[in-house]
Each structure stands twice: as C-alpha cells, then as structure tokens.
Amino acid sequence: MTDMFVSLGTWNWLIFGFILMALEVLAPGIFLFWLGLAALLVGLISFTVVISWQIQLVMFAVFAAAAVPVWRRLARPKLDASTSPFLNKRTEALLGREFTLEKPIVDGNGTMRIGDTVWRVAGPDTPAGTRVKVVQVDGVNLTVAAA
C-alpha cells in the first residue's frame, strides 16, 4: 500500500483532478469540481517542486478543505438591498399604495383582498368599493385611510 502512495506523481494528481472534474459533469453538485481543482493544484505544484507523497496528501487535504469556504463565497448570491428592498418585508411594500375595498370596514376593523391574500385592515368605517391608502403597517395588520 505504501508503494502506491510513494508512486504518486505529478501525472497521477493531474489525471485524478481531471477525473474528478469529469465526474462533476456526470453528477453535478459542484463538490467534486473543487476536489478536482485541489488535485490539479497539487499536480502543478509537484511539477515545479519535488515533494514527498506525505506532503502531497497533506497539500491535497488543505486545498480541498480551503475550497469549501471559497466555494461558499463564490456560490452565494449577492443580495443588494437596492435591487430587492422589500425582500421578506411584504407588508412594508404595501405602505403608501392604494387599493379598493371589497368589503366594508365596520367599527374600525375589516378585511381587504390584495392579490390572492386577505389582509386585516383598521381605519375609519368605510363602505365597500372605496379607494383606500395604506398609511401604517403593524405586523400583518394594515391601517388605511381614504385615498
């Protein structure tokens, strides 16, 4: 078994790296790509510097472990607050918008349909069909006023 590790050479690392990258094409998941890249790096370094097989294995382990945070940083989508300011803030997106009441507001409370969702609304008693403007948001409750 030791002879196998001793015989690890530059070409073996390069072939191993390309095999891992080819397997990534067959079974996508991005994980094998980074292991293949680590193997390629070990192969390229061992082209320039003569390194023992123990150091080559340690280098492969270090490169493979370092590839995980690099992959997470590159793969994570960068969310910009200016492009999606109301992400996970659905009620704040309704602030200032005008809607038509489908049902009247009675005794200061009622409901209003916005899209496919029914919202609880508070405000002055208002008949159905009136345009109202969302003036305040409190959790899932909307406060409206005549528009």
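**Reading rings, burial and strands**

Biologist: Does Trp-34 count as buried or exposed?

Modeller: Burial is read from relative accessible area: under 20% is buried, over 50% exposed, and partly exposed lies in between (1.4 Å probe, protein chains only). Trp-34 has 15% relative accessibility, so Trp-34 counts as buried. The model is a predicted one, in which local features need pLDDT of at least 70 and side-chain atom pairs count only at pLDDT 80 or more, while totals for chains, interfaces and linings use all residues. Residues are numbered from 1 along each chain as its sequence is written, and side-chain values use heavy atoms, leaving out hydrogens and water.

Biologist: How many aromatic pairs does the structure hold?

Modeller: Rings of Phe, Tyr and Trp (its six-membered ring) pair if their centres lie within 6.5 Å; planes under 30 degrees apart are stacked, over 60 edge-to-face, the rest tilted. The structure holds 5 aromatic pairs. In one of them, Trp-11 and Phe-47 have ring centres 5.3 Å apart and planes at 90 degrees, so this pair is edge-to-face.

Biologist: Which helices hold Trp-11 and Phe-47?

Modeller: Helices (H or I, at least four residues) and strands (E, at least two) are DSSP runs, numbered from the N terminus. Trp-11 lies in helix 2 (residues 10-26) and Phe-47 in helix 3 (residues 31-48), so the pair ties together parts that are 36 residues apart in sequence. Trp-11 is exposed, at a relative accessible area of 56%, whereas Phe-47 counts as partly exposed at 46%.

Biologist: What kind of pair do Phe-33 and Trp-34 form?

Modeller: The ring centres of Phe-33 and Trp-34 are 5.2 Å apart and the planes stand at 85 degrees, so the pair is edge-to-face. Phe-33 counts as partly exposed at 32% relative accessibility, while Trp-34, as said, counts as buried. Elsewhere, ring pairs link Trp-13, Phe-16 and Phe-60 into a cluster.

Biologist: Which residues does Glu-24 touch?

Modeller: Contact means heavy atoms within 4.5 Å. Glu-24 is found in helix 2 and, at 9% relative accessibility, counts as buried. Not counting residues up to four places away in sequence, Glu-24 touches Gly-29, Ile-30, Phe-31, Leu-32 and Phe-33.

Biologist: In what order do the strands form the sheet?

Modeller: Two strands pair if DSSP finds at least two bridges between them. Here 5 strands form an open sheet in the order 1-4-5-3-2, with mixed pairing. Strand 1 (98-100) and strand 2 (109-114) are the edge strands, each pairing on one side only. Strand 3 (residues 117-122) pairs with strand 5 (residues 141-146) in the parallel sense over 3 bridges. Ala-122 stands opposite Thr-143 in strand 5.
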